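Please keep the sequence and the model in view while reading.

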Amino acid sequence: GGGLPLLNLYDISTFNDQFSKLDIQIALLPHGTGKTTGLIFQEKFAYLIDCHEIPEDAVQKLRDLNLKCLIIDCLQPADHPSHLTIEKSFQYLEMIRPERGVLIHMNHDILHTELEKMANERFSYPVSPAFDGLKIQV
């Protein structure tokens, strides 16, 4: 990716009590040479961005939850070291099978309308690109 942000880093495990009170689960996901955090809310909704892979155990867990909505990284058609391609995103959606899929974190290599058409042709349930101002109710 681009430049590195200046951040104060905290060990996420120190927040386990707060996450459990809010019914939020964490999934560590590969992002380039590091890890990023995917979030699962109340076992209904998952937010998985900034990843180039979803480990098999996480895929199985997400499938078993019967998610109402999965928001998933979907950067571009071509391979990228830190993000899911369109095809990989689609494959994970097919494996996890949420009631609804939302594609996020796209770059400018594909038009929104083109990605929406690809999703409509591939899936029998709603899968669409996210857009600014989108509101999702689960």
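A disulfide is a pair of cysteine sulfur atoms within 2.5 Å. By this rule the count comes to zero disulfides. The sulfur of Cys 51 is 11 Å from the closest cysteine sulfur, that of Cys 74, which is too far for a bond. Cys 74 is likewise in no disulfide, its nearest cysteine sulfur being that of Cys 51, 11 Å away.

The model is predicted, so local features need pLDDT of at least 70 and side-chain atom pairs count only at pLDDT 80 or more, while totals for chains, interfaces and linings use all residues. Residues are numbered from 1 along each chain as its sequence is written, and side-chain values use heavy atoms, with hydrogens and water left out.

Burial is stated by relative accessible area: buried means under 20%, exposed over 50%, and partly exposed in between (1.4 Å probe, protein chains only).

| Residue | Relative accessible area | State |
|---|---|---|
| Cys 51 | 0% | buried |
| Cys 74 | 0% | buried |

Helices (H or I, at least four residues) and strands (E, at least two) are DSSP runs numbered from the N terminus. Because five of the five residues of strand 4 (residues 69–73) are buried, this strand is largely enclosed by the rest of the structure.

Two strands pair if DSSP finds at least two bridges between them. Strand 4 pairs in the parallel sense with strand 3 (residues 45–48) over four bridges, with Cys 69 of strand 4 as the bridge partner of Phe 45. Strand 4 also pairs in the parallel sense with strand 5 (residues 100–104), over five bridges, and here Leu 70 stands opposite Gly 101.
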